[in-house]
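Thank you all for coming; I would like to walk you slowly through one structure this morning. Please have a look at the sequence and the model first, and then we will go through them together.

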Amino acid sequence: MVPLALLLALQAVLPLVLLLVLSWTLRWYYPALLPGEWSARGWASLLSPESRLPEALGNSLWVAAASAALGTALACPAARALARRPDSPLRVPLLAPLLLPAFAAVMGVTVVFVRLGLTDTGAGVLLAHLIPVTPYAVALLTATFERHDGRLEEQARSLGARRAQVWCRVTLPAVWPGLGACLAVCFLVSWNEYLLTLMVGGGAVLTLPVLLVATTQGGDTALTAATALVTLLPPLLAYAALGTRFRVAGA
Amino acid sequence: MPALAVTGLLFGGGLLLAAVQSVGLLGDDGSSRLTLAAYRTLLTDTAFWRSLGLSLWLAGAATLLAAGLGTGLALALRHTAARSPLRWLLGATLPLPHVVAALVTVHLLSQGGLASRLTHAAGLTASPADFPALVFDPLALGVLLELAAKETPFVAVVALAALARLDPRLEEAARSLGAGRPARLRAVVWPAVRPAVTAASLLVFAFAFGVYEVPLLLGPTAPAPLSVTAYRLYTDPDLARRPLGLAASLLLALVSSGLLFAYLRAGRGRR
């Protein structure tokens, strides 16, 4: 058990430690096992006024929050229906985007986006992110609703509660843990998305993964590592906060 | 159902529009002439087949590694508590963006990277050139290792969730009937985790087959995996090559849906 625990600890902290070291490194020549010269230069240029970090961070945050909220809301009715009828023929089209490359669909839909003026806009990126986010939400919420006892709502209805009351007072509290985990995973799916953002957003909608790849190609290792740390921190914090519930669904 | 609007209109409609454009309709220059030229060009080009082969190799090998290692990890951890720190550590890299994981892999596995420095310190290699090329290498081994490392915990976590639903009394009953450890694993535990491992493996395969940013950051360029080749063709400054990118993406989607469908059918037949 001890070697296994060490292995698990190593794979968990290695990316974080390596990026931290790289972000503070000025020179690190082969074959030294530790950097020869340390420097705050990487962080300084990430936080300098010329840096596009605030823009990327802002875009990443609002696009991920909006696609999580929208994807989850859109998925609720579908998930309820699938939970009631597991053999529904709609299961395949609803979940197909999980198994097929979303970028093929975005390549096709771009002509429409161009005509609607959605390319190079945040709204267009948000729509593109819904393609992978929504099926995740459907899959996660279906599992949640399968465990949920629908007779509770019937009882509330028969006691005279209105639809909105039933939803707020009965359904929402009952499915909240699953709904919260679903929001977190959807946020993560959107936060980590790279190619779809690039295709629809071009250079105009900069998110953290897009900034990170661009920085990688610039060749400044310390700056790249610092950018990578900012990119992975929110997912890591979400994981630390949500722990067990979060784990099952994250791909 | 509003969710169907997303999958139907954006995803289904997008694939349909991609198909329409790949056969020469709705062209960027306003031309509309039905032609299968893009498909003919791709299917007679050895570079396309090498790209496809590389993608199949990557996805297949990554899936086998992740499924095998992930199941093994789940079995090793199945008697730990649901909230044990070991399980927390197991899942800690799940939320890591693939862009970041690919970057870390470069610094770990390149010939001047940390692994190479460690083998030098251990006296196994004398120079960077002695360390095997695992990044930008023709077999995309770096991509393969990144995918396997990221997806192994995913399979393990899904398998652990399935094991949590296994009634421990079944194993006790098997033991009291004289079944040894291997027999119990085969007859009680494996049937309980198999559906979960299968489902997780399908997701891993589908993801690895279409992934773009990982081979972009640490994969070979000629031939590149099909996702990278397709996107490169799609964004080629020569607009005449756009239909090639669309056709390559659709062929990728077609192969992946065909394989997944075949696999699901085979799985159903066995049960």
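Starting at the N terminus, the elements of chain A follow the order α-β-β-α-α-α-α-α-α-α-α-α-α-α, which comes to 12 helices and two strands. Helices here are DSSP runs of H or I with at least four residues, strands are runs of E with at least two, and both are numbered from the N terminus. This is a predicted model, in which local features need pLDDT of at least 70 and side-chain atom pairs count only at pLDDT 80 or more, while totals for chains, interfaces and linings use all residues. Residues are numbered from 1 along each chain as its sequence is written, chains are lettered from A and ligands numbered from 1 in the order in which they are written, and side-chain values use heavy atoms, with hydrogens and water left out.

Let me stay with chain A as a whole for a moment. Its C-alpha atoms fill a box of roughly 75 × 55 × 30 Å, taken along the principal axes, and of its 251 residues 51% count as buried, where buried means under 20% relative accessible area, exposed means over 50%, and partly exposed lies in between, using a 1.4 Å probe and protein chains only. If we take the contacts in chain A with a separation of 6 or more, residues 24 or more positions apart account for 71% of them; a contact means heavy atoms within 4.5 Å.

Now to the interface between the chains. The size of an interface is often given as the accessible area lost when the parts come together. For chain B and chain A the buried area is about 6,400 Å², and carbon and sulfur atoms give 79% of that; this is the accessible area, with a 1.4 Å probe, that two parts lose on being put together, summed over both. B:Leu10, B:Phe11 and B:Arg117 supply 11% of the area that chain B buries against chain A, more than any other three residues. In terms of residues, the contact takes 76 from chain B and 75 from chain A.

How many salt bridges cross the interface of chain B and chain A? The rule finds zero there, a salt bridge being a side-chain nitrogen of Lys or Arg within 4 Å of a carboxyl oxygen of Asp or Glu. On the side of chain B that touches chain A, helix α1 (residues 2-22) of chain B gives the most, with 12 residues, and the residues of that side divide into 51 nonpolar, 19 polar and six charged. In that division Ala, Val, Leu, Ile, Met, Phe, Trp, Tyr, Cys and Pro count as nonpolar, Asp, Glu, Lys and Arg as charged, and the others, Gly among them, as polar.

Just after the helix, A:Gly219 takes a positive phi of about 85 degrees.

The largest nonpolar core has 107 residues, of which A:Leu19, A:Met199, B:Leu42 and B:Val100 touch the most other members; such a core is a set of buried Ala, Val, Leu, Ile, Met, Phe, Trp, Tyr and Cys residues joined through side-chain atoms within 4.5 Å. Leaving aside neighbours within four places in sequence, B:Val100 is in contact with A:Leu19, A:Leu212, A:Ala228, A:Thr231 and A:Leu232.

A:Glu153 forms one with A:Arg80, the closest N and O atoms being 3.3 Å apart, and since A:Glu153 lies in helix α7 and A:Arg80 in helix α3 of chain A, the pair ties together parts that are 73 residues apart in sequence. A:Glu153 counts as buried at 8% relative accessibility, whereas A:Arg80, at 22%, counts as partly exposed. Both of these residues are in contact with A:Thr171, which is found in helix α8 of chain A and is buried at 1% relative accessibility.

In chain B, the side chains of B:Glu171 and B:Arg78 meet in a salt bridge at 3.0 Å, N to O, and B:Glu171 and B:Arg78 are buried. Salt bridges that share partners join B:Arg78, B:Glu171 and B:Arg184 into one network.
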